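Please work through the exercises below with the sequence and the model side by side. Each one sets a task and then goes through a solution step by step.

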Amino acid sequence: MAKITRKPVPRKAAAPKKARAAVAKPKPGEKTAPAKKSLKAIRPWTPAEVREVFSRFRKANSEPKGELEHVNPFTLLVAVVLSAQATDAGVNKATRALFEIADTPQKMLDLGEERLRDYIKTIGLYRTKAKNVIALSAKLLSEFGGEVPRTRAEIESLPGAGRKTANVVLNMAFGEHTMAVDTHVFRVGNRTALAPGKTPLEVELGLEKVIPAEFMLHAHHWLILHGRYTCLARKPRCEVCLINDLCRWPEKTV
């Protein structure tokens, strides 16, 4: 029998290791770009500067209003619950017709979850939100006499309502000095270094600590409007900013 021989299979050559990119060293006399400042390295605001900021906001808009349309504390509560991950304009478009027929917890229960979904189906997460609105309406009737409660803990106990919802309702419906931190307030607090924080709660507590009491009733509206129309996320309008000379943001364009 003939002997079968197999040729050895040549091994693939190992891929050459990538050489580390050489770090270019600055030439003698060459200027290098300054490193960005961390928030901790930025000079803190003085009380006089904080007062100046909110004095300017008050002078420009003495009675700022929230943009969610409502007719009473209950419809405000519902509107805020519906506004999670949605725009105020989108919520208003859906609730104008809704609040004409369901502006109390009992009327909302009578409307029912299925019909409620038809009114708010243009809003994101509308199925979950409809379930929460019906559930919070039932809880308001069974535990609070059909009235929106006036403490943060009680509002937070309602389905679909969190700390931000409670702060908005307490401020707008009952005149409490609360600070509702949405994406706009969170951005402004951090970008300006007025109240830097890693979480909305840190920013909320920081703002409450530095803002004088005389401005607290309207402070969160001023900051929301500033973030929504001037201190934009992608292209902040530093050239028209009322506080650009005081702002600590290292990347501001003026």
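The model is predicted, so local features need pLDDT of at least 70 and side-chain atom pairs count only at pLDDT 80 or more, while totals for chains, interfaces and linings use all residues. Residues are numbered from 1 along each chain as its sequence is written, and side-chain values use heavy atoms, with hydrogens and water left out.

**Exercise 1**

Task: Determine where His184 lies, and whether His184 is buried or exposed.

Solution. Begin with the secondary structure, in which helices (H or I, at least four residues) and strands (E, at least two) are DSSP runs numbered from the N terminus. His184 belongs to helix α9, which covers residues 183-191. Next, take the relative accessible area, for which buried means under 20%, exposed over 50% and partly exposed in between, with a 1.4 Å probe and protein chains only. At 17%, His184 is buried. Finally, look at the side chain: a polar contact of 3.0 Å joins His184 to the side chain of Arg187, where a polar contact is a pair of N or O atoms within 3.5 Å, within protein one able to donate a hydrogen and the other to accept it, and residues adjacent in sequence count only if both atoms are side-chain atoms.

**Exercise 2**

Task: Describe how α9 and α11 are placed relative to each other, and which residues meet.

Solution. Two packed helices are described by the angle between their axes and the distance between the axes. Here the axes of α9 and α11 (residues 216-229) come within 8 Å and cross at roughly 85°, with axes being lines fitted to C-alpha atoms, for helices over the stretch in contact, and angles running from 0 to 180 degrees between N-to-C directions. The two helices α9 and α11 are therefore roughly perpendicular, because angles under 35 degrees count as roughly parallel, over 145 as roughly antiparallel, 65 to 115 as roughly perpendicular and the rest as oblique. As for contact, meaning heavy atoms within 4.5 Å, the α9 residues His184, Val185, Arg187 and Val188 meet His220, Leu223, Ile224, His226, Gly227 and Arg228 of α11.

**Exercise 3**

Task: Work out which parts of the chain are tied together by the aromatic pairs of Phe54 with Phe215 and with Trp222.

Solution. The whole structure holds four aromatic pairs, where rings of Phe, Tyr and Trp (its six-membered ring) pair if their centres lie within 6.5 Å, and planes under 30 degrees apart count as stacked, over 60 as edge-to-face and the rest as tilted. Phe54 and Phe215 form a tilted pair, 6.0 Å centre to centre with 35° between the planes. Phe54 lies in helix α1 (residues 47-60) and Phe215 in the loop between α10 (200-210) and α11, so this pair ties together parts that are 161 residues apart in sequence. Phe54 and Trp222 also form a tilted pair, at 6.4 Å centre to centre and 50° between the planes. Since Trp222 lies in helix α11, that pair ties together parts 168 residues apart in sequence. Ring pairs link Phe54, Phe57, Phe215 and Trp222 into a cluster.

**Exercise 4**

Task: Find the surroundings of Asn167.

Solution. Asn167 sits in helix α8 (residues 163-174) and is buried, with a relative accessible area of 1%. Leaving out residues up to four places away in sequence, Asn167 touches Arg152, Thr178, Met179, Ala180 and Glu204. The side chains of Asn167 and Glu204 are joined by a polar contact of 3.4 Å.
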